Structures are given as C-alpha cells and as structure tokens.
Amino acid sequence: MIAIPYLAALTTYFSYGLLFAFGQIRDFFRKILDWSGSNNLQGYAPICVAHEDFYVRRLYLRIQDCFGRPITSAPDAWFDVVERYSNDNNKTLKRTTNISRCLNLGSYNYLGFAAADEYCTPRVIESLRKYSPSTCSSRVDAGTTALHNELEKCVADFVGKPAAIVFGMGYVTNSAILPVLIGKGGLIISDSLNHNSIVNGARGSGATIRVFQHNTPSHLEEVLREQLAEGQPRTHRPWKKIMVIVEGIYSMEGDLCKLPEIIAICKKYKAYIYLDEAHSIGAVGKTGKGVCELLGVDTADVDIMMGTFTKSFGSCGGYIAGSKELIQYLKYTCPAHLYATSISPPAAEQIKSSIKVILGEDGSNRGPQKLAQIRENSNFFRSELQKMGFEVIGDDDSPVVPIMLYNPAKIPAFSRECLKQNVAVVMVAFPATPLLLARVRVCISASHTKEDLVKALKVFDQVGDLVGIKYFPAEPDKEQEEDKIVKLD
Amino acid sequence: MYVKAVPPTDLNRNTEWFTYPGVWTTYMLMVFMSWLIVLSLFGCSPGMAWTIVHLAHFLITYHFFHWKKGTPFADDQGIYNGLTWWEQIENGKQLTRNRKFLTVVPVVLYLIASHTTDYQNPMLFFNTLAVFVLVVAKFPHMHKVRIFGINADH
C-alpha cells in the first residue's frame, strides 16, 4: 500500500502530460520536415510500426545519462564509474577516460560476493584452469561435468528440496521453464508485479493468464474461485492445471510475499505454486535459505522453487528445485537444458563456494556474519531514511530499499546530484514501474560498512532536501526532545 | 493529504496509469487551465474560449483515444497493435467508472460551450458535431468496430 500525497499525484500526471505533449509536437514537426526528404527504405517495411518507439525516443533518451552507466571495476561496495558527456542533448553519449570512485548502492551484491573473496576466488581460478571458461556444449551433449552434478546436489540441499536443475541464465530459467510446465488449457495466476521473465514465460506457454492484485491473498482466492467456476474460455471445460506464480521479494517494492496465506489458499483449491526467489535466496532468513525460512513455511509445501545466482551468490545463472520426478521431467523436456550451453564452470564453482561460505562449511564464521550484517544494514538504513521523512516502501529485513520520487523530473535530478557527490544509485521509472510511482531503488549489501551507510544517508538527506522528496514529516531528534523536557523543569 | 495507491491488475502499461487516484482531477484541472490560457491569449469572449477549448479537446481526445492504435513501447510485442486506447483500457471491459467519466466530460464541455455562446450558429453546429462524434465513438457497441474500414489494420 503506497500512500501518495495528492498534490504529488496531480503534478506527476501534469508533468507526464507535458512531456507527452512536447514529444508529440516534436514528432509532428519531424514528420513534416521529413516529408520532403526521400526515405531510403527501398520498398522494405519500416522497423518500428506506428509509434512503438515513442517512449524510448522522446522520454527515455532525454535522461539517458542516468541509466546504463559503464563501470570499470568489480561491483563491490565502492566501484569506478566512467564519466560520459553528450554533445547532442543526450541522444548519444560518449565515454571519457575519467573515472569517479562512487559508493555502490545499485548492485545486487547482497552478501558481498561480487568482489574478490578470500575463499571463493582461489577456487574459481582453480576451476578456470581445470575446466576452462566454457563447456562449449549443451548439458545433454558434452556439457555436464562433475562440477555441474555437485552443484545441483549442493543447491538442492541448500534450498531444502530433493533435487535441483541449474541453467546458465536466470531470465531464461523462467521463460523456458514455464512453457514446459504448463500449456494450452492450463491456467496461470500471477501476481500483478511479477518480473518480466515470468510474464514472458507465461505468454510463451499458451496458457490462460489471470492476474491477482499484488500480495493480496483474498483477491487471489476470489480470482481462483471465479476461474474454477468458469473453466476454460469458450468451452468451459475444467482446467488441465492451475499454477500460481509469486516472488519471494519483489525487486521494485522490496516487500515480502505473504507466503503462508497464499500456500493455504493453493492447498485448499489444489493449485500448484511456483515461487521465484531471485532476490530472497541467500539474503533473508536466519541461515540465508530464503523467504521460506524467514516466514516459517515448510519447503515441501511449495511445489516449484526457482531462484537465481546473480544476487546473493555473486555468479550468474538460475535454478529450479523440486521433487525428483519434476527435475527428471525437466531434464527430458526443457529446451534450456537440451539446447542451451551449460553454466560456465568457474561460475558454477563460485556458486558452490559461496554456498559453503554461507553455511559456514568453509570453517570460518563469515557466512553467518554476512547474513547478520545485511540484516542490520538494511534495517538501519530503512529506519534512518524513514526518520528523515522519506517515503520508503518495503518490509523490514528486506535488503531492497525503494524511496518514492513520483515526479518524472526528480528522477534525473536525484541521480545526477547523487553522482556529483560520488554516490551511484539506480532509478526506476515507467515502464518498469507504474506511471506515477517512479522511485530510487537502493540495494544494501553486507559489504557496506557503517561509515558507507552514514555517508549515503548524509548525501540522501542533502539531495532529498534539494529535490523535494521528503513527503512525510521528519521525526525530531531525540536529543532536542530531551533538552526541552529538561528546560520545563 | 495522502491517497492510497492500489496496484491494479491491468498488465497493459499503456492504460493502467488511468486507474490510479488523481487522474480525474488532473484532467478537469487541465481543461480549466487551458480555458484560462485561451482566454488570456486570444482575448475573446468566454463563450468563444469555451468553444475553442471544446473543439481542441475533441481533436486531441479523438486522435489519442480513438485513432492512434497500439502502445508507445515495444516490449508489448505488438499484442495491442490493432486496438485504440479506448478499446485497451481496463482490458476491454465496458461501462466501468472510468469509461463513464470519460463519456460525460465531452457532454459537460458541450453544455458549457453552448450555454456560454447562447446557442448561436455557427458555434453550435461545430460543438454538436464534436460531441456527437465523441459520444458515439465511446458506445459499448462500437468496441472494435471500424466504419467503412477507416483506421482498420493493414
């Protein structure tokens, strides 16, 4: 539930309307100016039909310098950002050789494995020497090494399921698995704020898709009951299969899924549940085992658990964990397993080593320390921002901290002002989020020290005042209150 | 004063912004502001200004709601390419609150414009034509109807 100040909503609509109007006027004049010149299409159809690139050309390109900044070091707590300049009002950006060292508040580096690690990196280099960077083959041909089998067993044990299968890319895991699991005649009920990979996979499967209101189990029950009563479209036959797809932590909102209630509803109506733990595996829970551990849900109740290794494990790739029969079936049918190149061996070794560190099996205490650090960091950062008067959404314990901006002009303002003070943040705007709800998304890492967070808070305080995003009243300092109480006596 | 924003279940990002709070007020405020601007720029009578606002509103809303098809971004992969914005909102469900509001606005503007010009011709003729076209275009029976093939897909 996001509480928008009414005036901010009105001004945001007006700003977008103005930007849209200016874009249309510019397009109109461009059309007139290009009417006289001949087009060099030579009979071919144009690439963009109608105005489907309107948003990119007229809105995104204006603030292009806030997105896609190139970096030249590992994405640790501090990293090097390449400076860019533009001669034609941000239509094209040119890189310079200047580098600024910035505080990294944007990378998905939840446990700090993104930079060189004392346990993981030597092992990764060793596996690079032994197995070379790529297996040069798909899993079924010659791409399954001993490392891949060990990794799948390791992941299955970590997640708490009988078996697991690992793919080379996280996005592909969702978009290639969903068409295999469910097809025409099936029903997919997905949360309204699910990631694009799930939407793509669901569209590619051919099943009927229904959406329920974000994180609202009562609406999910309503949709389920309605669909069960109606059956398939037109024929009204019973559905072949019903699957409910939710995420552990939603990457743009930072809030946790209401998993116990949703599982209770799915059990009642006999629907399968697919949990995408891309952001929560390794980052939440007492021993890092994800949102099931945090919310006290038995992993046997979740039918299919999916996750990625990009966020907490510092690697790349995705996994699916489930029953032995499910994984066996996937190994026969999933195109990402049969035809796509298997996960790179050094990446697989990084995942195995980081799981060992998290579980404490490397003989040191660093894993539990990292988990405690990220929880402390996220709670500290979130509460301090809320005290300053920012509108921060998301639940406690979640390492994703989005700060609401609303107005489109505040997006580049906040980004550029923060970069001037050497803090690099990620902006999220339409169309990744709804039109009104543009935000700054801060990702807290276990490798951020207290000083880093305090510096970030100071910069945010300053820039927040400048840009005007402190929509809630700030809480007064405790020291001032105590002084007042003393004076009355 | 704060309002609650409930994320809607509409997956079409071209139209889901219309379900958030504050849209109706912004729309009405923008129409009123444009009347003030026309009045100050042209220095005409209030009635003439309302007629100009009404006709400009007709042209703009007809073009964007009932003529342009598709969405302004490419990651929809063209699934809405045959539908105008009016046909896309709320997944094609007819007679919702938003649609009723958008149908009432041109009628209210027509009443204001014709009242303030004392129902004189030729303004009355153009105003009536505009409101007739707009209201007919918003009928539930006109969903996905292309008269004489105008604006149909290739």
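**Two domains, two chains: a walk through the model**

Let me begin with chain A, where the C-alpha centres of domain 1 and domain 2 lie 27 Å apart, the domain bounds being those of an automatic or database domain assignment. This is a predicted model, in which local features need pLDDT of at least 70 and side-chain atom pairs count only at pLDDT 80 or more, while totals for chains, interfaces and linings use all residues. Residues are numbered from 1 along each chain as its sequence is written, chains are lettered from A and ligands numbered from 1 in the order in which they are written, and side-chain values use heavy atoms, with hydrogens and water left out.

Domain 1 of chain A is made of two stretches, 45–104 and 368–467, and domain 2 of chain A covers 119–359. Where the two domains are in contact, by which I mean heavy atoms within 4.5 Å, domain 1 of chain A contributes 18 residues and domain 2 of chain A contributes 17 residues. Between them they bury about 1,300 Å², with 61% of it on carbon and sulfur atoms; buried area here is the accessible area, taken with a 1.4 Å probe, that two parts lose on being put together, summed over both. On the side of domain 1 of chain A, the three residues A:Leu371, A:Asp395 and A:Arg441 supply 33% of the area buried against domain 2 of chain A, more than any other three residues.

As for the elements involved, helix H13 (366–388), strand S11 (400–404) and strand S14 (439–443) of chain A each supply at least two residues of the side of domain 1 that touches domain 2, and H13(A) gives the most, with 5 residues. Helices (H or I, at least four residues) and strands (E, at least two) are DSSP runs, numbered from the N terminus. By class, that side of domain 1 of chain A has 8 nonpolar, 3 polar and 7 charged residues, where Ala, Val, Leu, Ile, Met, Phe, Trp, Tyr, Cys and Pro count as nonpolar, Asp, Glu, Lys and Arg as charged, and the others, Gly among them, as polar.

Now to the two chains. The contact between them takes 31 residues from chain B and 35 residues from chain A, and the area buried is about 3,100 Å², of which carbon and sulfur atoms give 66%. B:Tyr2, B:Thr9 and B:Leu11 supply 18% of the area that chain B buries against chain A, more than any other three residues. Across this interface the rule finds 0 salt bridges, while the count of residue pairs in polar contact, both at pLDDT 80 or more, is 8. Strand S1 (2–5) and helix H1 (23–42) of chain B each supply at least two residues of the side that touches chain A, with H1(B) giving the most, at 5 residues. The residues on that side of chain B divide into 19 nonpolar, 7 polar and 5 charged.

I would like to finish with some individual residues.

In chain B, the peptide bond from B:Asn121 to B:Pro122 is cis, with omega near -5°, and B:Pro122 lies in the loop between helix H4 (97–116) and helix H5 (123–137).

Key. A salt bridge is a side-chain nitrogen of Lys or Arg within 4 Å of a carboxyl oxygen of Asp or Glu. A polar contact is a pair of N or O atoms within 3.5 Å; within protein, one must be able to donate a hydrogen and the other to accept it, and residues adjacent in sequence count only if both atoms are side-chain atoms.
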